[in-house]
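Have a look at the picture first, and then we'll go piece by piece.

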Amino acid sequence: MKIVYFSHAGNTHRFVHNRLLPALKDNPFDWNDGQGYQAPTVRRLDAAGPQLPSKEDLKENSDEKLVVVFPIYARGDYETGGVKDTVPQVVKQYIEANRSQVLAALVSGNRTFGPKFGYVDPVELAGVPVLHVFELSGTREDALTARKLLHLEAQGK
């Protein structure tokens with residue numbers, strides 16, 4: 001499994017490296033793919049800002065399962081009163097390039113968004129399920145919850 005993340009302010013980076021990776025390494029489980037446990041690899045997506053695309057080729061050259069982790073941004077649509085463009089542009093590009101391998105998404109939000117905390121327009125994710133939403137850089141409990149959810153998804157349950 002590969003963890004792919006985008007971090008603009010550093011919160012998602014802290015969640016992935018300080019919380020999620022240690023949780024995935026604790027009590028390793030077998031993904032039932034015949035290979036047994038393998039520590040997840042990590043890739044950081046680079047872009048100059050949340051609404052700017054990447055100029056690099058984002059296509060993966062392996063068949064690894066992918067989990068995307070990224071912050072969302074509540075950007076109001078004043079015409080409809082809704083929220084749009086919550087997913088960073090580089091994450092949309094990455095999902096488009098690797099959709100068949102993307103297993104799930106973990107999303108970082110901010111409770112100051114009120115009722116739109118953790119809101120992601122499903123169209124923006126092209127059908128990728130959001131397994132867990134955490135605030136800013138998350139907690140150890142968020143990482144353990146994500147670990148449990150990823151294990152179930154990986155086994156196809």
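**A helix with a bend**

Start with helix α1, residues 11-25: its 15 residues reach 20 Å from the first C-alpha to the last, close to the 21 Å expected at 1.5 Å a residue. That expected span is 1.5 Å times one less than the number of residues. Helices here are DSSP runs of H or I with at least four residues, strands are E runs with at least two, and both are numbered from the N terminus.

Before going on, note that this is a predicted model, where local features need pLDDT of at least 70 and side-chain atom pairs count only at pLDDT 80 or more, while totals for chains, interfaces and linings use all residues. Residues are numbered from 1 along each chain as its sequence is written, and side-chain values use heavy atoms, leaving out hydrogens and water.

Back in α1, there's a kink of about 30° at Arg19, shortly before the proline Pro22. The bend is the angle between axes fitted to the seven residues ending at a residue and the seven starting there. Buried residues in α1 include Phe15, Leu20 and Leu24; buried means under 20% relative accessible area, exposed over 50%, and partly exposed in between, with a 1.4 Å probe and protein chains only.

Now hop to Val120, in the loop between β6 (102-109) and β7 (130-135). Val120 counts as buried because its relative accessibility is 12%. Leaving aside residues up to four places away in sequence, Val120 touches Ile72, Thr86, Val87, Val107, Leu125 and Val130, a contact being heavy atoms within 4.5 Å.

Zooming out, the protein has three helices and seven strands.
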